[in-house]
Amino acid sequence: MLNNPSRKTFLLLHSGALLLSARCPAFAWELGGGGGFVSNGDTRVIPAVQSWFQTEFGLLVGATNSGEKNSAFNQQNMIAHASYARPLARNKSVQASVGIGALLSRTKIVNYEFVGQSETRFSRSGGLATGLRWTPPLSKSLRLRLSWEGLFVPPGLSVLFWTFGHSQSLTAGLGWDF
């Protein structure tokens, strides 16, 4: 299960966030998850799953996982980020964030000329993570979250099949305030 670097990073980010919240009980934090789509800069839109953790002081840690499979290749991607989120309105339901992010990708390419042969590549890229989200309260501790998040990667660091230098996600989810 932990052979995949994306899973290791996902577990590391979320475990660290939970440990931080346990060691700092004065923090009010939000934990949530949802689904949406990732755009690869062209007309392809891939389904995705997102999870996040946010503190009262603006620390936002999140990950968006997506994948694509067809006859020629199988690709799994994770966009992880650590950002600072700041409210844009007095009611604090509209937020913008900026920080650092990483794109981790595992691509398996099937070679049909030689039966049984395939090639697996792991790629890692880093860049600027940005986001815009609307989080209206649904109840005392439950929030709806609609978000756009983008990762901009400098030229030359893009992964296989992602040579354009950016990725963005549109997601909707539910978050719980603790």
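The model is predicted, with local features needing pLDDT of at least 70 and side-chain atom pairs pLDDT 80 or more, while totals for chains, interfaces and linings use all residues. Residues are numbered from 1 along each chain as its sequence is written, and side-chain values use heavy atoms, with hydrogens and water left out.

Q: How many salt bridges does a search of the whole structure find?
A: A salt bridge here is a side-chain nitrogen of Lys or Arg within 4 Å of a carboxyl oxygen of Asp or Glu. With that cut-off, the search of the whole structure comes up with three.

Q: Is E149 buried or exposed?
A: Buried means under 20% relative accessible area, exposed over 50%, and partly exposed in between (1.4 Å probe, protein chains only). E149 has 7% relative accessibility, so the residue counts as buried.

Q: How many residues apart in sequence are the parts that R143 and D177 tie together?
A: The closest N and O atoms of the R143 and D177 salt bridge are 3.2 Å apart. Strands here are DSSP runs of E, at least two residues, numbered from the N terminus. R143 lies in strand β7 and D177 in strand β8, so the distance along the sequence is 34 residues.

Q: Which element gives the largest share of the lining of the largest cavity?
A: A cavity is a set of points on a 1 Å grid over the protein atoms alone where a 1.4 Å probe fits but cannot get out, and lining residues have an atom within 4 Å of a point. The largest cavity is lined by 15 residues, with I79, H81, E149, G150 and L151 nearest its centre. Four residues, the largest share, come from β4.

Q: What is the area of the nonpolar surface patch made by L31, L138, L174, W176 and F178?
A: Patch residues have over 30% relative accessible area and no salt bridge, and nonpolar side chains (Val, Leu, Ile, Met, Phe, Trp, Tyr) are joined within 5 Å. One of the members, L31, lies in strand β1. The patch comes to about 470 Å².

Conventions:
On a 1 Å grid over the protein atoms alone, a cavity is a set of points where a 1.4 Å probe fits but cannot get out, and a pocket is an open set with protein on both sides within 12 Å along at least five of seven lines; lining residues have an atom within 4 Å of a point. Patches are made of residues with over 30% relative accessible area and no salt bridge: like charges are joined within 9 Å, nonpolar side chains (Val, Leu, Ile, Met, Phe, Trp, Tyr) within 5 Å. Accessible areas come from the Shrake-Rupley method with a 1.4 Å probe; for residues, only the protein chains shown count as cover.
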